[in-house]
Amino acid sequence: MINIAILGSTGSIGTQTLEIVDSNPDIQVMGLAAGNNVDLLEQQIRKYRPRLAAVWSEKAWHDLQMRVADLPIRVVCGMEGLLEIATMEETDILVTAIVGMIGIRPTIAAIEAGKNIALANKETLVTAGHLIMPLAKEKGVSILPVDSEHSAIFQSLKTENAEQIEKILLTASGGPFRGKKREELASIQVEDALKHPNWSMGQKITIDSSTLVNKGLEVIEAKWLFEAELEQIQVVVHPQSIIHSMVQFKDGGILAQMGMPDMKLPIQYALTYPKRRPMGGKRVDFYELGQLTFEKPDTETFRGLKLAYEAAHIGGSMPTVYNAANEKAVSLFLERKISYLQITELILEAMNNHKVIANPTVEEILRTQTESEELLCSLVGSGINKG
Ligand code: NAD
Ligand code: MG
């Protein structure tokens, strides 16, 4: 049996993880955590019968407790609830499918408790990779990437020696605005940015994909996961999203992992690793596809990617500022309080205003997050930054 708990079970990755559970009878769900979508979480509880469930707010906690009073389940809430789910005694793997830096503390707690991590929550590694990777090594736990690019790199590396890596070729679809110039992006509305050409995902990552901040986060994620130098990570725009990423070795050979754009493969691989199990779904038809194309990313238009490299070069608490400012800016954009171009302008502003902490602790990372959020609110409130 493979016993799992899921942080963020009602989201895009969370629900697809449960689809993998449906087709793998030896995977059992012990704990589920979600934000405030009590309706869907109740349905999931009735179907998968976990022993523990967590929601974020007290209101949702009261509501869910009443709804599942007939079942042998305990309902918890808030950060304490997430930490309980993360460290449940009976689980082998924690799937971190929650969105944002809220994943840091539960992920660290799970590693300390010896759980392997199926990691979708990239914000955690971007901001706390310097704490998480050594801790995972010390505790002997595996960080199994769920992000499709990182799973592709992980799969391509399997037979090779990590020291033989020359370069990581991180592919990017380019998002819905590929080919546009900066001036053309000024009037982009929330609805436009939420239309991703190849992937159906949660709102935050869909916006991040359109600004290429997602790719920036993935560069930093790859640096930590594969102990790579930033200079070794090259982003390649590949609009068809068939090659999910590649590894180039020191002899010039390149291994790529390909497939249809479907997150279920990387999710299943993370849960059943090192085994590769059968899976249904559409296959790549190369005759139908005709060609695979590649481009250089336009970092003048999509400044978010360039800023990620800068933040990672500076290191310390700067990637936290990059990520926290983006999280806040995306939520302000989704609330229609700022314009599309202001997202990256505010990230730059926050980075320019930050005094770097070299080796931040969890507390310092979370404090930096709060400070970055406050700075953004004051900039937007005072109208200094009009995109
Ligand atoms: P989503 O918005 O669809 O789902 C997020 C989940 O987190 C939901 O279940 C939500 O209820 C839960 N959540 C949010 N705030 C919470 C809180 N305070 N307490 C408890 N639960 C909370 O997001 P998603 O697209 O599934 O992405 C999740 C993570 O996976 C992100 O870090 C994203 O970057 C990463 N990721 C997603 C995809 C994808 O295809 N969706 C691909 C690669 C990586
Ligand atoms: Mg990805």
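Predicted model: local features only at pLDDT ≥ 70, side-chain atom pairs only at ≥ 80, totals over all residues.
For the residue classes used here, Ala, Val, Leu, Ile, Met, Phe, Trp, Tyr, Cys and Pro count as nonpolar, Asp, Glu, Lys and Arg as charged, and the others, Gly among them, as polar.

Rolling a probe the size of a water molecule over the atoms shows where empty space is left. One cavity of 30 Å³ or more was found in a search of the whole structure. The largest cavity holds about 60 Å³ of space. Its lining consists of Arg182, Leu185, Thr211, Thr301, Phe302, Arg303, Tyr340, Leu341, Ile343 and Thr344. Five of these lining residues are nonpolar, three are polar and two are charged.

Open space was examined next. The second largest pocket contains about 710 Å³ of space. Its lining comprises 25 residues, and Met133, Ala162, Leu225, Phe226 and Glu227 are the closest to its centre. Five elements each supply at least two lining residues: helix H6 (122-139), strand E7 (143-145), helix H7 (148-157), strand E8 (165-172) and helix H10 (213-225). Helix H6 gives the most, with four residues.

Helix H6 also takes part in covering helix H9. Helix H9 spans residues 203-211 and is mostly covered, with seven of its nine residues buried. The buried residues are Lys204, Thr206, Ile207, Asp208, Ser209, Ser210 and Thr211. Thr211 also belongs to the lining of the largest cavity. The cover over the buried residues of H9 includes H6, helix H8 (190-193), H10, helix H13 (303-314), helix H14 (318-334) and helix H15 (342-352). Leucine 212 follows H9 and has a positive phi, near 70 degrees.

Helix packing was examined for H1 and H11. The axes of helix H1 (residues 12-23) and helix H11 (residues 264-272) come within 9 Å and cross at roughly 65 degrees. This crossing is right-handed. On the H1 side, the contact is made by Ile13, Gln16, Thr17, Glu19 and Ile20. On the H11 side, Lys264, Ile267, Gln268 and Leu271 take part. By class, the contact has four nonpolar, three polar and two charged residues.

A cis peptide bond joins tyrosine 273 to proline 274, with omega near 5 degrees. Proline 274 lies in the loop between H11 and helix H12 (286-289).

Arginine 49 has phi near 50 degrees, a positive value in a residue other than glycine. The loop between helix H2 (38-48) and strand E3 (52-55) holds arginine 49. Its relative accessibility is 52%, so arginine 49 counts as exposed; the cut-off for exposed is over 50%. Serine 245 has phi near 160 degrees, again a positive value in a residue other than glycine. Serine 245 is located in strand E10 (residues 243-249). Its relative accessibility is 0%, so serine 245 counts as buried.

The elements on either side of the arginine 49 loop, H2 and E3, were each examined through one residue. Glutamate 42 is found in helix H2. Glutamate 42 counts as buried because its relative accessibility is 16%, and the cut-off for buried is under 20%. Not counting residues up to four places away in sequence, glutamate 42 touches Leu64, Arg67 and Val68.

Alanine 53 lies in strand E3. With a relative accessible area of 0%, alanine 53 is buried. Its contacts, leaving aside neighbours within four places in sequence, are Leu32, Ile45, Leu64, Ile73, Arg74, Val75, Val76 and Ile85. The C-alpha atoms of alanine 53 and valine 146 are separated by 22 Å, and the two residues are 93 residues apart along the chain.

Note on methods:
Residues numbered from 1 in each chain as written. Chains lettered and ligands numbered in written order. Heavy atoms only, no water. 1 Å grid on protein atoms, 1.4 Å probe; cavity = no way out; pocket = protein on both sides within 12 Å on 5 of 7 lines; lining within 4 Å. Points joined across faces, edges and corners; volume = space filled by probe spheres on them. Axes fitted to C-alpha atoms, helices over the stretch in contact; angles between N-to-C directions. Left-handed = near helix turned anticlockwise from the far one by under 90°. Contact = heavy atoms within 4.5 Å. Buried < 20%, exposed > 50% of the residue type's maximum accessible area, 1.4 Å probe, protein only.
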